Every structure is written in C-alpha cells, then in structure tokens.
Amino acid sequence: MAQAATDVRAMFDRIAGRYDTANRFMSAGVDVLWRRRAMRLLLDGVEQSPWVLDLGAGTLDGAVEILRQRPDAHVVAADFARTMLVAGRRKPRAAAVALHAADGHRLPYRDGAFGAAFSGFCVRNLHDLALALAELRRVVRPDSRVVFLEFFRPVRPRSFWDGLWTKRMLPLLGWAASGDRAAYRYLPESIQGFSTRAEFEAQLRAIGFADVSGQDLFPGGIASLVEAR
Ligand SMILES: C[S@@+](CC[C@H](N)C(=O)[O-])C[C@H]1O[C@@H](n2cnc3c(N)ncnc32)[C@H](O)[C@@H]1O
C-alpha cells in the first residue's frame, strides 16, 4: 500500500531540486535510455501532431523525450507535485510542454482527450491504483497506446546481493545525492509493497485494456515496460 497521498506529494516537492542528480547517480544514467525506449514504443504509429499525456511527469524527462522524438506532439505534463514540474522547466524543449498540477486520481481532461499516454515511475505511488488507471483509460482514445515504465515487485524473493543493493545501497546512494534519507528509504518499500508486473498487467486487462504486454528492461527485472491499448 502506498503512503498517504499528501506524504508522497510533500516528499516529491521536497526532493524536486535534487531529483535528477539522484536519479542519474543511482541508475548510472540508464534511466535516460529506458525513457528513450519507452517513447519509441509509445509513439510508434501515432498520428500527426498527437496529444500526449505524461502522468506523474516529475521533472519532465519523459515529456521532453516525447518532444525530442516527435517535435509535432502536443505534450501535457501532469503531476500533483508542482515543484517537480517547475524544477524541469529549464530543460531543452520544456517550454513547449503544458504543465498541469493535477492528481492522477481525478484528471482535469475530457474523455478521449489524448492520442497516447505515458507514465514513468508514478503508478507505484498511487494510493488507489484501480481508480487512477480507470481515469487514465478514460482520458485516452479507446484505440490509443498507454506505456508504463516502472519498478515492479520482483516475482522471486531477491537474492542476497540483489536485496543488499535494493534495500541498502540504493537508499544510501539516494540519500547521498539528495540529502533526504526518508525519501530514498521509501523507494525499496514502495517497490516491495507494489504489484508484480503480471499482477499489474492483469489489473490493466480488468479495467478494459484489451491488448496488454510487458517486458523487463534489465536482467532480473529491475525496471519494466508495460504497453496497453
Ligand atoms: C518517481 S517520480 C517520476 C517522475 C518522472 N516520470 C520520471 O520518470 O522521472 C514520480 C512522480 O509521480 C508523481 N505522482 C505521484 N502520485 C501522483 C498522483 N496521485 N498524481 C499525480 N502525480 C503523482 C510524483 O509527484 C512524482 O513527480
């Protein structure tokens, strides 16, 4: 179960200024490649000048990658932690992104407003996942693709070294890079409290996505991509 919504929002607002540094440091830069791959999948075959939603857009790394690959896209970045959005504003292409402080459980968009949607490392934080996924499905057109990039709970118990890395080293690295210990203790806890990829895919099918598939991006499934339409 994710932490209370206000706690999560306050935590992201607090770490916004150092979020990118911590991310690059902890992933050794691989998160950039993960987003590139996610957006190639998301944008494959999408129409001209598509409206694309980035839910939980944070410091806009995903949103600007969409524009790098598709300069004709209209990109909307929604996140309930306004400070995260503001922290990304100076990135190349960010000026072309519409920034909306919005909660994923109640999106301020009409039905079928978007031709594609992405959500990177956000859904694990939602306190009512079923509600937010239904809301995401509502705001994309029925034939549209939604792509998630996420850390899911591993299927098998972690090996000693994997557990040491995830539970001990990652929080320490995050703490060192961001100066915020609690935020980076939350990372392994939220992964452990979340769905496996298979459970998440089943949930997407249950709310009406007909075509759902996923792939692990790293041996051991450290991060995964899930595509639904
Ligand atoms: C780990 S960050 C990921 C940011 C960005 N997508 C990335 O790939 O770097 C998760 C983001 O999801 C946002 N978030 C969490 N719960 C949310 C909710 N209920 N509504 C909107 N945004 C939410 C947080 O504020 C945070 O910016």
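Trainee: What makes Ala98 part of a strand?

Mentor: Ala98 is found in strand β3, which runs over residues 98-101, and strands are DSSP runs of E with at least two residues, whereas helices are runs of H or I with at least four, both numbered from the N terminus. This is a predicted model, in which local features need pLDDT of at least 70 and side-chain atom pairs count only at pLDDT 80 or more, while totals for chains, interfaces and linings use all residues. Residues are numbered from 1 along each chain as its sequence is written, and side-chain values use heavy atoms, with hydrogens and water left out.

Trainee: Why is Ala98 called partly exposed?

Mentor: The relative accessible area of Ala98 is 31%, and with a 1.4 Å probe and protein chains only, buried means under 20%, exposed over 50% and partly exposed in between; Ala98 therefore takes the middle class.

Trainee: Which residues does Ala98 touch, not counting residues up to four places away in sequence?

Mentor: Contact means heavy atoms within 4.5 Å, and with that exclusion Ala98 touches Val75, Val76 and Ala77. Its C-alpha atom lies 20 Å from that of Arg9, a residue 89 places apart from Ala98 in sequence.

Trainee: Why does Thr196 count as buried?

Mentor: Thr196 has 9% relative accessibility, which is under the buried limit, so it counts as buried. Thr196 lies in the loop between α8 (181-192) and α9 (197-206), where, leaving aside neighbours within four places in sequence, it is in contact with Phe152, Arg153, Pro154 and Val155. Ser195 is found in the loop between α8 and α9 too, and its 11% is also under the limit, so Ser195 is likewise buried. With the neighbours within four places left aside, the contacts of Ser195 are Leu129, Phe152, Arg153, Phe200 and Gln203.

Trainee: Why are α2 and α3 called roughly perpendicular?

Mentor: The axes, which are lines fitted to C-alpha atoms over the stretch in contact, with angles from 0 to 180 degrees between N-to-C directions, come within 7 Å for helix α2 (residues 19-27) and helix α3 (residues 30-43) and cross at roughly 95°. Angles under 35 degrees count as roughly parallel, over 145 as roughly antiparallel, 65 to 115 as roughly perpendicular and the rest as oblique, and the pair is therefore roughly perpendicular. At this crossing Asn23, Arg24 and Ser27 in α2 meet Val30, Asp31, Val32 and Arg35 in α3.

Trainee: How do you know that the buried residues of α2 line one face of the helix?

Mentor: Tyr19, Asp20, Ala22, Asn23, Met26 and Ser27 are the buried residues in α2. Seen down the helix axis, these fall within an arc of 165°, so they line one face, the arc being that of the directions from the axis to the C-beta atoms. Just after α2, Ala28 takes a positive phi of about 55°.

Trainee: What makes helix α4 mostly covered?

Mentor: Seven of the nine residues of α4 (residues 61-69) are buried, namely Asp61, Gly62, Ala63, Val64, Glu65, Ile66 and Leu67. What covers them includes α2, α3, β1 (51-55), β2 (74-79) and β4 (114-120).

Trainee: Why does Leu60 count as buried?

Mentor: Leu60 has 0% relative accessibility, which is under the buried limit, so the term applies. Leu60 is placed in the loop between β1 and α4 and has a positive phi of about 75° although it is not a glycine.

Trainee: Which residues touch the most other members of the largest nonpolar core?

Mentor: A nonpolar core is a set of buried Ala, Val, Leu, Ile, Met, Phe, Trp, Tyr and Cys residues joined through side-chain atoms within 4.5 Å, and in the largest one, with 46 residues, those residues are Phe12, Leu42, Leu60, Ile66 and Leu149. A second, separate core of 29 residues includes Phe114, Leu133, Val139 and Val212.
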